Amino acid sequence: MKVIDLRSDTVTKPSLEMRRAMAAAEVGDDVYGEDPTVNRLEALTAEMSGTEAALFVPSGTQGNLLALLAHCQRGDEYIAGQQAHNYRYEAGGAAVVGGIQPQPLEFSADGSLDLTLVEQFIKPADSHFARTRLLSLENTQAGKALSPQYLSAAREFADRHQLGLHLDGARAFNAAVFHKQSIADVVRPFDTASLCLSKGLGAPVGSVLCGKKELLADARRWRKMLGGGMRQAGVLAAAGIYALEKNIEGLQRDHEHAELLAEKLKQVPGLAVRREENQTNMVFLDMPIETAEKLKAHLAGKQIHIGTGQTVRLVTHLDLSMDDIERAAREMIEFFAKGKK
Ligand SMILES: *Cc1c(COP(=O)(O)O)cnc(C)c1O
């Protein structure tokens, strides 16, 4: 029986064709700037995102950290969401490595940070305070695509307050596809953006940090310091190029699959299915943790994998077909019909 893994879009495995592209990659020493495939990936990403420069990095976590280090000095502050990946889920890297203070704020229901709220937390120029330097947004945030209007407003806001603007764009391509925009439209308002190749786009490894030239030059130096300078990384970059050339359009299919999954699960009486209007490839189910544990165990017996917790996040991705989504929905509906046995 095929394994259906709904825990994350990071679980995708490189396809045979992607592996062929990796095997055929021309390589060189990228720390010397001599890997033609890495150079091609960086040039392609900069071109697609309409940015001055791009840097291939091993992970989205490193992309975010390099950006924070490039924007902020020791004693500076960045404002981010309370649930933002680069505040909550990156082991406190900005504080540990950069001496950079986070100012977390609650995200709004649509995944944005309310700019009136942000304004209240910008510190005055006074020796009591850290210097607020950067606003960091996430798009998509928990699968929710930020509106183009909000992104323009955020740019104006950052200019007015002389803040840098960073995008954690681990799933920025999902946002672009959702709004039928190009990735350049989604990235344009930002000074830096970290884009994951290893989520919905299906590459095994890697992210690209793109943005302004001077910031990227700094980021390259920090990457070396953190041990992220890779040698014949072209084998990995080739997977990234393949992902950018072949796997963006398919995100639309993932969004439709998530919509279908949500619609089917809404048939379960009393099940709290959360899927906001701007949701892309995720569905959230709220339930008591004991129920979640039982559901997870039940599904594991059917080769279907989900996470657990009071909120169960289901994520669609390119290794799942319509049939898989239907099978997963059927098994979940059956579990609830039998009274959470
Ligand atoms: C996955 C993710 C990242 C980076 O993750 P890596 O596993 O380090 O590549 C950053 N931000 C968000 C919002 C993510 O979902």
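This note sets out points on the sheet, a packed helix and the cysteines of a predicted model.

1. The sheet is open and consists of seven strands, with mixed pairing. Their order across the sheet is S2-S8-S7-S6-S5-S3-S4. At its edges lie strand S2, residues 53–57, and strand S4, residues 101–105, each of which pairs on one side only. On average, neighbouring strands are turned by 20 degrees against each other, with direction ignored.

2. One of the strand pairs is that of S3 and S4. Strand S3 spans residues 76–81 and pairs with S4 in the parallel sense, over five bridges. Within this pairing, Gly-81 has Leu-105 of S4 as its bridge partner.

3. Helix H2, residues 36–49, packs on the sheet. The helix touches the edge strand S2, as well as strand S7 (192–196) and strand S8 (207–211). The direction of H2 makes about 130 degrees with that of S2.

4. The model contains zero disulfides. A pair of cysteine sulfur atoms would have to lie within 2.5 Å to be counted. For Cys-72, the nearest cysteine sulfur belongs to Cys-210 and is 18 Å away, and Cys-72 is in no disulfide. Cys-72 is buried, its relative accessible area being 4%.

5. Cys-196 is likewise in no disulfide; the nearest cysteine sulfur, again that of Cys-210, is 12 Å away. Cys-196 is buried as well, at a relative accessible area of 5%. Both values fall under the 20% limit for a buried residue.

Conventions:
Residues numbered from 1 in each chain as written. Predicted model: local features only at pLDDT ≥ 70, side-chain atom pairs only at ≥ 80, totals over all residues. Heavy atoms only, no water. Buried < 20%, exposed > 50% of the residue type's maximum accessible area, 1.4 Å probe, protein only. Pairing = 2+ DSSP bridges. Helix = DSSP H or I, 4+ residues; strand = E, 2+ residues; numbered from the N terminus. Axes fitted to C-alpha atoms, helices over the stretch in contact; angles between N-to-C directions. Contact = heavy atoms within 4.5 Å.
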